[in-house]
Amino acid sequence: MGVDHPVVDDGHLTETIRALVPQGVDAALELVGCSVLVDTLRTVHRHGTVCFTGAGP
């Protein structure tokens, strides 16, 4: 396992990720927070995995 294309989450990942992987990625790790979660979800293919740990008080 490894990372083929590390990408910094700027809140607008969908276009960047879908240009690299049109069908969507297998998994994503979301560390930024709720404000960008929807964008991260759009990068993952159907039945992919998103690990969300960026929520805070």
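Predicted model: local features only at pLDDT ≥ 70, side-chain atom pairs only at ≥ 80, totals over all residues.
Residues are numbered from 1 along each chain as its sequence is written, and side-chain values use heavy atoms, with hydrogens and water left out.

The chain holds two helices and two strands, taken as DSSP runs numbered from the N terminus (helices H or I, at least four residues; strands E, at least two), and from the N terminus on they follow the order α-β-α-β. The radius of gyration of the chain is 11 Å, close to the 10 Å that the globule rule gives for 57 residues, so the chain is as compact as a globular protein of that length; the radius is taken over C-alpha atoms, and the rule is 2.2 Å times the number of residues to the power 0.38.

Of the 57 residues, 26% are buried, that is, under 20% relative accessible area with a 1.4 Å probe, protein chains only. Leu 13, Ile 17, Val 25, Ala 28 and Val 44 form the largest nonpolar core, a set of buried Ala, Val, Leu, Ile, Met, Phe, Trp, Tyr and Cys residues joined through side-chain atoms within 4.5 Å. Leaving aside residues up to four places away in sequence, Val 25 touches Ile 17, Thr 43, Val 44 and His 45, where contact means heavy atoms within 4.5 Å.

Notes
Buried < 20%, exposed > 50% of the residue type's maximum accessible area, 1.4 Å probe, protein only.
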